[in-house]
Amino acid sequence: MRAQQVRAGFVELYGTEPEGVWSAPGRVNLIGEHTDYNDGFVMPFALPHTAIAAVSRRDDGVLRLHSADIEDGVAELRLDDLVPESDRAWTAYPAGVVWALREAGHAVTGADIHVTSTVPSGAGLSSSAALEVVVALALNDLYELGLPGWQLARLCQRAENVYVGAPTGIMDQTASACCEEGHALFLDTRDLSQKQIPFDLAAEGMRLLVVDTQVKHSHSEGEYGKRRAGCERGAALLGVDALRDIPYADLDAALARLGDDEEAVRLVRHVVTEDERVEKVVALLESGETRAIGPVLVAGHASLRDDFRISCPELDLVVDTAMSAGALGSRMTGGGFGGSAIVLADVADVDTITKAVEEAFAAAGFTAPRVFEAVPSPGARRLV
Ligand code: GLA
């Protein structure tokens, strides 16, 4: 249905049929936060919310971009003029992907693109990765580049790091490109090895809710970069390539070596314990003990709040209220400083928990949150 609408929108704009229509999802991260740029573990799954793009090739070095969601005309760019960090609008994401493909030596000669997305932006649910990946996949197919999902994710990350200028890790793009329906993706961000872990909560009488606090995180890039730099400093102080190289069993010794460098202690402790939590969640899911992941999620939230210091009052209120109202587990998800939290709950408790969170937000004078159920959905794919 949406594919047909996007196709029709393309025809209206550009006067011809698109060569195809593609889709790429946003994600929630179950566990493994701020570990991806430390070469560690993450475990996202794809949302049913997607970016959809109708795309055709061009051979004249021109890129035309249009979004059905933004009141703006068609942006027309010349491929030879694409320069990193020159664009502050949404067009930087698709243009960045084209730039990254060409930089990597792929002969992309132009495109007409019309997109629309249901991934909420600024909600910590990877709306930008969905946009990048849908464009990368479309061009990969149309130009017959033959790149696998993990490699498209790398190119999209490069678009975001260099062209857009945001120092993010590899999780979101890999999730959008590689997730599978009914599964969470256990990803080792050092070598990008992947394992699809069955994650069918409905079959076990549970649900996973996403609570979008409506606190936009888009002005937080400075803080994200500071955490990243702090982690790199911690790794350097400990003489390792990345914090991933500190085994959990050696954590106390590592912290002792950092002495009274309080900031390094906090950041290192979060990353090393978070990697351990990912491995614990994988082990629990693989042995069928899904309910037991709840406390691990809560411990992850405490670590992000107290050690990594990237939570906010709204996110903490979701977690505290949901847990008091009978949730099995809850934590903030994504980059932090706003955005969304997840809540794991028995089906029977979902309404009570949702109501409790809504009431707590009203009582605190916060903007009403948006609550929806997240079902592990397919990764990026061609629709038409
Ligand atoms: C953002 C980044 C990811 C990752 C998360 C935190 O979503 O894009 O690379 O670092 O924050 O886990």
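These legends walk you through several close-up views of a predicted model.

**View 1. Confidence across the predicted model.**
The mean pLDDT of the protein is 97, and 99% of the residues score at least 70. Which elements mark the two ends of the range? Helix 9 (residues 294-306) has the highest mean pLDDT, 99, whereas helix 6 (residues 221-238) has the lowest, 95.

**View 2. The largest pocket and its place between two domains.**
Here we look into the largest pocket, whose volume is about 1,100 Å³. Its lining counts 49 residues, and the closest to the pocket centre are Tyr93, Ser127, Ser128, Glu160 and His217. Where does this pocket lie? Domain 1 (2-197) and domain 2 (199-373) both give residues to the lining, so the largest pocket lies between them.

At least two lining residues come from each of helix 2 (92-103), strand 5 (111-117), helix 3 (127-142), helix 4 (149-164), helix 5 (171-178) and helix 6. Helix 3 supplies the largest share, four residues. How many residues of each class are in the lining? There are 19 nonpolar, 20 polar and 10 charged residues.

**View 3. Strand 6 and its two partners.**
Most of strand 6 is covered, with five of its six residues buried. On one pairing, strand 2 (residues 41-57) runs antiparallel to strand 6 and is joined to it by two bridges. Look for Phe41, which stands opposite Asp188 of strand 6. The other pairing shown is with strand 7, again antiparallel, over six bridges. In that pairing, Leu187 stands opposite Gln194 of strand 7. As background for following any such strand by eye, side chains in a regular strand alternate between the two faces of the sheet.

**View 4. Leu192 in the turn of a hairpin.**
Strand 6 and strand 7 form a hairpin with four residues between them. For context, most residues other than glycine have a negative phi. Is Leu192 buried or exposed? Its relative accessible area is 7%, so Leu192 is buried, the cut-off for buried being under 20%.

**View 5. Strand 9, strand 10 and the turn between them.**
We finish at a second hairpin, made by strand 9 and strand 10 with six residues between them. Strand 9 (residues 329-333) is mostly covered, as five of its five residues are buried. Five bridges pair strand 9 with strand 10 (residues 340-346) in the antiparallel sense. Find Gly329 and you will see Leu344 of strand 10 standing opposite. Which residues of this loop have a positive phi? Gly334, in the turn, has a positive phi of about 90 degrees. Phe337, in the loop between strand 9 and strand 10, also has a positive phi, of about 60 degrees, although Phe337 is not a glycine. With a relative accessibility of 19%, Phe337 counts as buried, because buried means under 20%.

Methods. Residues numbered from 1 in each chain as written. Predicted model: local features only at pLDDT ≥ 70, side-chain atom pairs only at ≥ 80, totals over all residues. Heavy atoms only, no water. Buried < 20%, exposed > 50% of the residue type's maximum accessible area, 1.4 Å probe, protein only. Pairing = 2+ DSSP bridges. pLDDT = per-residue confidence, 0-100. 1 Å grid on protein atoms, 1.4 Å probe; cavity = no way out; pocket = protein on both sides within 12 Å on 5 of 7 lines; lining within 4 Å. Points joined across faces, edges and corners; volume = space filled by probe spheres on them. Nonpolar A, V, L, I, M, F, W, Y, C, P; charged D, E, K, R; others polar. Domains from an automatic or database assignment.
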